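This briefing sets out the fold, packing and local geometry of one protein chain. Please read it alongside the sequence and coordinates shown here.

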Amino acid sequence: MNNLYVVLLAGGTGTRMGTEVPKQFLKVRGESLLRHSVKRFRKFGLIKSITVVSHPDWILETEKELDDLLEGNDRIVPGGESRHLSTLCGLQSISYDTKDIFFIHDVARPNFKQNELYQLVEQTKIFGGASIVAKSTESLVRVRIHRNYTDEPLKREEVYSVKTPQSVAGFMLQELLAEGLDPDLKKHPTDLCTWMGSRKVGIVETDFHNIKVTSPGDTELADSLYWEDLPTVE
């Protein structure tokens, strides 16, 4: 491993949230979701640079929000039409080596643990890519598209929910980029795991504290679950 880079996805516009500002600017414990993510990675201490991917219309506000946190190697870049295109905008703005590792994180998730970042790095060295995941706590079934019934229960112990941060090595990134991209936005990968396809993806298990803010009420829940120094996952 040579360098560790961070790509933060903060390209929302607030449309789905129904708020006046994009969700990355919503506050938990007095600070925006965006600032929480930058500060947690900065606290990690091993990061070469942080790249924030912003919606073009909100770059100025993003600059103001992070004025005191960004350093010389950091940057803010405009995103694309899909989550995946925005991820590519962030990745392609960085010159990297095959042994470098990228963290990719959705800033709508203000809670992740420092020790999880170390574990992601180790898993990425083995598999080329890794993801934070959480065990399912409920019974699950599969429902096929356009059906109103299920005939396939799933084994709960074999199903995990995918979260961020995720991480990918430079050599794997080159392999993935060489495969090209479908012109249909609906067929774009939704995260690193779907982008990796049938390849093995290392997992780092987390818990319920890693909540994603997707609706206005989620900020209250994220606030109640937020810990400044989260415990180690056993």
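**Lead points**

Strand E1 (residues 4-10) and strand E4 (residues 47-54) pair in the parallel sense, with seven bridges between them. The model is a predicted one, with a mean pLDDT of 91 for the protein. The two strands belong to an open sheet of seven strands with mixed pairing, and helix H3 (residues 83-92) packs on this sheet.

**The sheet**

- The strand order in the open sheet is E5-E4-E1-E6-E10-E7-E11.
- Strand E5 (75-78) and strand E11 (202-205) form the edges, each pairing on one side only.
- On average, and with direction ignored, neighbouring strands of the sheet are turned by 25° against each other.

**Burial of strand E1**

- E1 is mostly covered, with seven of its seven residues buried.
- Leu-4, Val-6, Leu-8 and Ala-10 point one way from E1, while Tyr-5, Val-7 and Leu-9 point the other way.

**Nonpolar cores**

- In soluble globular proteins, nonpolar side chains tend to be buried together.
- The largest nonpolar core in this model has 26 residues, and those with the most contacts inside it are Leu-8, Phe-41, Ile-47, Ile-50, Val-52 and Phe-103.
- Two or more residues of this core come from each of E1, helix H1 (33-44), E4, E6, H4 and strand E7 (129-135).
- Ile-47 is in contact with Leu-4, Val-6, Phe-41 and Phe-103, leaving aside its neighbours within four places in sequence.
- Another core, of 17 residues, lies apart from the largest one; among its members are Val-7, Leu-9, Ile-104 and Leu-176.

**Helix H3**

- H3 touches E1, E4, E5, strand E6 (101-106) and strand E10 (160-169), and its direction makes about 145° with that of E1.
- The buried residues of H3 are His-84, Ser-86, Thr-87, Leu-88, Gly-90 and Leu-91.
- These buried residues pack against E1, E4, E5 and E6, and also against helix H5 (170-178) and helix H6 (192-196).
- His-84, placed in helix H3, has a relative accessible area of 4% and is therefore classed as buried.
- Beyond residues up to four places away in sequence, His-84 touches Leu-181, His-188, Pro-189 and Trp-195.

- Val-121 has its place in helix H4 (residues 114-127), and its relative accessible area is 5%, so Val-121 counts as buried.
- Val-121 and Gly-202 are 81 residues apart along the chain, and their C-alpha atoms are separated by 9.8 Å.
- Asp-218, Thr-219, Ala-222 and Leu-225 are buried in helix H7 (residues 218-225).
- Seen down the axis of H7, the buried residues fall within an arc of 130°, and they therefore line one face of the helix.
- The buried residues of H7 pack against E2.

**Backbone geometry**

- Most residues other than glycine have a negative phi, and most peptide bonds are trans.
- Thr-164 and Pro-165 are joined by a cis peptide bond, with omega about 15°; Pro-165 is found in strand E10.
- Arg-29, although not a glycine, has a positive phi of about 55°.
- Arg-29 lies in the loop between strand E2 (27-28) and strand E3 (31-32), and is partly exposed, with a relative accessible area of 46%.
- His-146 is likewise not a glycine and has a positive phi, of about 70°.
- The loop between strand E8 (140-142) and strand E9 (152-154) holds His-146, which is exposed, with a relative accessible area of 81%.

**Confidence**

- Of the residues of the protein, 93% reach a pLDDT of 70 or more.
- Over residues 230-234 pLDDT stays under 50, and the model has 13 contacts beyond four places in sequence for this stretch.
- Where pLDDT is low, the predicted coordinates should not be read in detail.

Technical notes. Residues are numbered from 1 along each chain as its sequence is written. This is a predicted model: local features need pLDDT of at least 70, side-chain atom pairs count only at pLDDT 80 or more; totals for chains, interfaces and linings use all residues. Side-chain values use heavy atoms; hydrogens and water are left out. Two strands pair if DSSP finds at least two bridges between them. Helices (H or I, at least four residues) and strands (E, at least two) are DSSP runs, numbered from the N terminus. Axes are lines fitted to C-alpha atoms, for helices over the stretch in contact, and angles run from 0 to 180 degrees between N-to-C directions. Contact means heavy atoms within 4.5 Å. pLDDT is the predictor's confidence in each residue, from 0 to 100. Buried means under 20% relative accessible area, exposed over 50%, partly exposed in between (1.4 Å probe, protein chains only). A nonpolar core is a set of buried Ala, Val, Leu, Ile, Met, Phe, Trp, Tyr and Cys residues joined through side-chain atoms within 4.5 Å. The arc is that of the directions from the helix axis to the C-beta atoms.
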